[in-house]
Amino acid sequence: MTRVTPGPVTGALLEALRADLAPFTVAAVEEVLGPVASAALHREQRVPALRAADPADPVGALVRAFVLGVEVPRRALDAALPRVGADGAERLGLVVAAGADHHDAVRAHVDLRPYSAHDAAGAVDWWIASDPGELATGDALRTDHVLGVGGASTTLAQVTVRDPRGRTLDLGTGCGIQALHAARHSDAVVATDVSHRALGFAAFNASLAGARLDVRHGSMLDPVRDDEPFDLVVSNPPFVITPRRGMPTYEYRDGGRAGDHLVRDLVVDVGAVLAPGGVAQLLGNWEHRRGQDWRERVGEWVDASGLDAWVVQREVQDPAEYAETWLRDGGTTAERDPAGWAAAYDAWLDDFAARDVEAVGFGLVLLRRPSSGAPTLRRLEERTGAVRQPLGAHIARALAAHDLLEGLDDDALAGLRLTVAPDVTEERHLVPGSVDPTVVLLRQGDGFGRAVQAGTALAGLVGACDGELAVGQIVGGVAVLFDVPVAELRAELLPQVRDLVRDGFLLPA
C-alpha cells in the first residue's frame, strides 16, 4: 500500500469534512456493529464487524473503509461523505481509487475513527487519523508506522493533570492525541516527533479537532532546548526495550538506545525544559536487574534529575512475556513466520541475559521542578490493581496534599479540620458471633483504590472527621474514650493521619 501522510486541512474543505464526519461517533459505530462484533474488533478480529457493517449505511461504509480497511463502492462513500464525497476524500489523501477499473471502488489510505474520552477537563469527541494497522492491511507493521490511539496513550491522557497551563510540550506526539488533550487547558502546545509522517498526522488531527499546535521535528528534547520553559511536559516516548542487533526499529516504540536508557535519559534531562512548578508526566519501561530492586535503579535516575518525583509501577513482565508482547505488536507471529519469530525471540532473551534482566516494569512517572528550594517529593511504589480513571484530578490533589503537609509540623497538623473524602468507605470484618471487628479497612473508591488497615483508634478518628473539630481535639476525645494517654495516642495517630491526607482519604475542610 502506498504511504500517504495527510496534512492540515483548512477552509471550506475542513468545515465540509467535519460536517460529514459528525454522525461518525463512537456510539454510532457501536450501534452499527453491536456488542458481539465490537468485542471481536477489540480482539483484532474483523469478520463479525464485516458482517455487521452494511456499506449501504453511511456509518457502516465509513467503518468498512476507515476501520476495517476494505474496499467500498465509490457511491457508498459519496453517500457517507455527502459534502466532501469520494473525490474530495481522494484529494485529501484519505482514500485511493481501487477495484479492477479504478472507478467503482475506493480503499482507505488511513485509519480514521471516532475517539471519545473524558479527561479531568471534561468530555471530548474527535476523529483520529493514523496509519492502517495489521487488522486492515494483513501485513506486519512498517518501521515508519504512525500508531493510532492505543491503551498506553489512553492511560497517559487520563493520568495527566489538567489544571490550566501556559506552555505544554508533547514529546513524541505520534498521531497527536496528547497534544489535543493538552490544547484544551494550555495557552500554547508544542508537539515534537522524530517522524515527519507522525507530525503530518498530528497536524491533520489538530485541524479536525479545531486545535492549534506548533509541530516540530526532532529527537527527544532537541527541538525545544533553546525555547522558553514549559509548565507541562507529557510524553508517551518510544520506551520499548528492543535488541539493537538484527531487529527492525519501529519509530513509534523503539528509541534506538540500549536497554532502558531512553527512559533514564528523559527522566534525568527533562528538568532542563521545565519552568519552576512545571510538571512532566510520562510512561516508561525499566529493567529489573538481578540483585537490585527496581526502586533503587529508578531512584538513581530520580536523584540525578533534581526534581520532585512520583513513580508508580503498574505492571511487570518476565523477559519471555515481554518479548512475546512486542513481537506480536510489530505483527510478527509464529504462525506467519516461524523462523523469524524464533530468531527474534532468541535475540530478545539474549539481550536481556547480557544485562542480567529478570523482569521489565511498566509504569507512570511524574516529575516536578520545585517552585523554590530542593525537591521534597520522592515516592516510588507499586500499584498493580484496578484504578479509577481519569486519575489526573486525583494526582493533582495528591500533589497539593504533599505541598500542604510539607509546611505542617505535628502541632499544625493537629490544628487542621479534616473531612472524609466522599469515595472512602469502611469495611469491618468480624468473626461470627463476635461484637468487635478483627479487621477494619478504610477503602478508597477513587484514585488508586488504596485500602488501609486501621486500628480501632484510627477508625474512630476518621469517623469523627466531619470538619467541625480539629484533629488534635478528636485525638483527645479518642484518648479519653480508650483511657490512654493523649501524648501516646497522638504520637501513634498523627503519622497515620499524614498518610491519609497524602493519599486523599482525608481532605482539608
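Me: By class, how many nonpolar, polar and charged residues are in the lining of the second largest pocket?
Reply: That lining has 10 nonpolar, three polar and five charged residues. Here Ala, Val, Leu, Ile, Met, Phe, Trp, Tyr, Cys and Pro count as nonpolar, Asp, Glu, Lys and Arg as charged, and the others, Gly among them, as polar. One caution: this is a predicted model, where local features need pLDDT of at least 70 and side-chain atom pairs count only at pLDDT 80 or more, while totals for chains, interfaces and linings use all residues. Residues are numbered from 1 along each chain as its sequence is written, and side-chain values use heavy atoms, with hydrogens and water left out.

Me: Which element gives the most to the lining of that second largest pocket?
Reply: α15, with six residues. Helices (H or I, at least four residues) and strands (E, at least two) are DSSP runs, numbered from the N terminus.

Me: Changing topic: how many cavities of 30 Å³ or more are there?
Reply: The count comes to two. On a 1 Å grid over the protein atoms alone, a cavity is a set of points where a 1.4 Å probe fits but cannot get out, and a pocket is an open set with protein on both sides within 12 Å along at least five of seven lines; lining residues have an atom within 4 Å of a point. Grid points are joined across faces, edges and corners, and a volume is the space filled by probe spheres set on the points.

Me: What lines the largest cavity?
Reply: Its lining includes L156, W310, I395 and F448, and by class it divides into 11 nonpolar, one polar and no charged. The space in the largest cavity is about 90 Å³.

Me: And how much space lies in the second largest cavity?
Reply: About 50 Å³. Among the residues lining this second largest cavity are R244, D254, R257 and D260, and the lining has five nonpolar, three polar and four charged residues.

Me: Now L418: buried or exposed?
Reply: L418 counts as buried because its relative accessibility is 1%; buried means under 20% relative accessible area, exposed over 50%, partly exposed in between (1.4 Å probe, protein chains only).

Me: Where is L418 found, and what does L418 touch?
Reply: L418 is found in strand β14 (residues 417-420). Not counting residues up to four places away in sequence, L418 touches residues including C465, V497, L506 and P508, with contact meaning heavy atoms within 4.5 Å.
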